[in-house]
Amino acid sequence: MRLTTPISPPTATPLPTWLWVVIAIAADQIFGIGKLSFWHWNIAAGLFFACLWLAPKRAWWWMVLFLGLSRYLYNLGESWERPDEWMDIARLDRFSGKALWLSFIGDWGDLVACLLPVAWLRRVLPDVRSVSTPEGTAWLHLVVFAAASLQAGTDLAYVVSDGWVADVRASAIVDPVAITAQNALPLLATFGLKNLLGYFLGTMLAVPLVAWLVEPSLRRGSAKVVKEALVWMAPVALVFVLLSKAIPNANLIEFMRLLLLVAVVVFAARHGWRGAVISVLAVSCVLAVEDHLAAETSHSIIWMQLFVAISGAMALMFGASLDHLRLALGELRQTHLREQAMARELADAVGRNVRATEVERGRVATELHDSVGQSITALQTQLKLVELDAPAQNAPWISGLRSLVTDMRLALGEAIEALRPLALNELGLFKAMDRGSIRQQAERAGLRFSLDTRDAGALTALDEAASVAAYRIVQEAVNNVVRHAGATQVRVRLNLYWRRGEPWLVLAVEDDGKGFSPTAKSGNGLRNMRDRALMLGGGVRIGVRQQNGTRVRAWLRAQA
């Protein structure tokens with residue numbers, strides 16, 4: 001992600017300029033070329049790159065100036081003590097044009113080459129934590145490669161101007177080779193590629209490690225990572241160094257390097273980006289020590305560099321991607337938990353509304369039965385009394401009134417039954433099904449009706465909403481069996497189960513009819529069954545039995 005904001009240091013509390021200068025000089029003096037770094041493992045360059053990335057922009061040129069000056073003074077003192085005869089020409093006139101050019105390109109060139117890539121990195125990675133993301137890791141690799149190319153270019157300019165190519169080990173210049181017309185192309189190509197990979201490796205190792213050390217959010221939980229690295233990675237590294245020193249066999253060393261790559265992948269998979277950082281650093285140190293302890297410069301330096309560069313880049317990207325995936329999974333899990341909580345709250349709210357509605361429907365049904373029903377009964381009684389004293393010519397009129405009142409009573413009974421089955425109030429859920437209209441409907445259709453439960457007493461304690469919903473679901477299921485199944489028997493089972501401290505009513509209606517087609521269009525009856533169960537946090541499942549017939553299974557949350 002590119003930003004259009006001005007370049008600013010990614011640190012929250014920038015240090016003063018003089019302290020950045022001291023840090024840069026100290027890092028170069030401790031880790032510089034010929035000390036703990038050499039051309040194919042340039043940790044000093046990586047630390048300077050990291051310092052520039054973290055330091056305020058006003059400190060950049062001061063860091064470059066004083067670090068280059070410290071290098072110049074150090075090399076000026078060292079040049080009078082070196083016994084190497086091939087350096088005598090450069091020592092004769094330290095202030096000639098060629099000597100000054102070599103001093104500038106050798107002491108300041110790679111420092112100046114870092115400035116533009118660091119500014120670029122500031123724009124694409126606005127904070128330290130972003131280096132641990134997959135996108136940040138990819139940008140880091142790209143910018144570091146650009147910086148390494150520029151720095152390697154300054155080294156090529158130096159050796160071309162000087163006419164010699166050499167390596168540095170333990171503060172000593174080794175393997176000097178003069179550049180001639182015959183060897184210039186392969187010699188310079190090898191030197192340039194080796195130095196490019198050296199700068200790339202040093203910066204790729206140093207920047208993530210420094211980011212890990214300075215960013216509090218990345219340091220959180222680091223103790224576990226470091227502890228496991230000491231327990232697992234340190235013994236592996238020690239065994240590799242000892243075996244490579246005791247048995248200097250090229251094939252064995254290459255095989256052990258592959259095993260190190262496996263260790264890097266495993267550690268990155270376990271600890272993500274931080275695991276990749278520490279494991280790649282450990283493997284790089286091991287390979288650097290193994291090569292540095294060799295009697296002479298290894299002929300497979302570039303292959304070793306490519307091995308570390310490719311495996312390190314892949315491990316960092318792999319670890320960052322795993323961290324990103326874990327973070328996304330954590331957010332997804334939290335979202336899922338929130339959705340579950342919201343769904344539960346919604347189900348509870350719907351359940352409360354349904355229960356309140358059923359209570360109100362029951363109250364209305366009772367009032368209709370007690371008030372309007374009694375009024376109709378009183379009216380029927382009055383009509384009978386009037387009929388006894390009325391003239392014969394009024395008999396048809398009174399008979400019509402009596403029929404009208406009878407129809408009113410039937411309509412009232414249907415309305416009360418629609419509001420709430422009276423049998424539930426009088427008998428309870430189990431007996432209402434066993435003795436009421438559900439059994440009667442099935443037996444009138446010629447079906448054998450059976451009703452089973454493990455504990456009929458437990459069903460009497462159910463709340464009104466669960467009882468009414470169960471009754472209506474069974475009523476609709478039995479009605480479907482009578483109308484469509486062509487069955488000879490129907491079986492109903494009711495059971496109360498407890499799950500996570502909550503009562504759940506589970507019911508099943510089975511028949512031996514012609515079965516149910518899953519592709520059949522659902523009618524209002526099936527939709528009403530599902531809606532009743534869903535409103536109480538449950539559901540309905542309809543399927544075909546293994547023998548013949550259909551099984552309707554419903555479950556709903558109750559309040560015992």
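## Basis

This is a predicted model: local features need pLDDT of at least 70, side-chain atom pairs count only at pLDDT 80 or more, and totals for chains, interfaces and linings use all residues. Residues are numbered from 1 along each chain as its sequence is written, and side-chain values use heavy atoms, with hydrogens and water left out.

## Helix H7

Helices (H or I, at least four residues) and strands (E, at least two) are DSSP runs, numbered from the N terminus. H7 covers residues 134-162, 29 residues in total. At 1.5 Å times one less than its number of residues, the helix should span 42 Å, and its end C-alpha atoms are 42 Å apart, which agrees. Gly163 follows H7 and has a positive phi, near 90 degrees.

## H12 against H18

H12 (residues 301-389) packs on H18 (residues 464-485) at about 85 degrees, with the axes 8 Å apart. Axes are lines fitted to C-alpha atoms over the stretch in contact, and angles run from 0 to 180 degrees between N-to-C directions. The pair is therefore roughly perpendicular (65 to 115 degrees).

From H12, Val354, Arg355, Glu358 and Val359 meet Glu464, Ala465 and Val468 of H18 (contact: heavy atoms within 4.5 Å). By class, four residues are nonpolar, none polar and three charged. Here Ala and Val count as nonpolar, Glu and Arg as charged.

## Asn495

Asn495 sits in strand S4 (residues 489-499). At 12% relative accessibility, Asn495 is buried (under 20% relative accessible area, 1.4 Å probe, protein chains only).

A polar atom of the Asn495 side chain lies 3.0 Å from the backbone nitrogen of Arg454. Beyond neighbours within four places in sequence, Asn495 contacts Thr453, Arg454, Trp504, Leu505 and Val506.

Notes: Parallel < 35°, antiparallel > 145°, perpendicular 65-115°, else oblique. Buried < 20%, exposed > 50% of the residue type's maximum accessible area, 1.4 Å probe, protein only. Polar contact = N/O pair within 3.5 Å; in protein donor to acceptor, adjacent residues only side chain to side chain.
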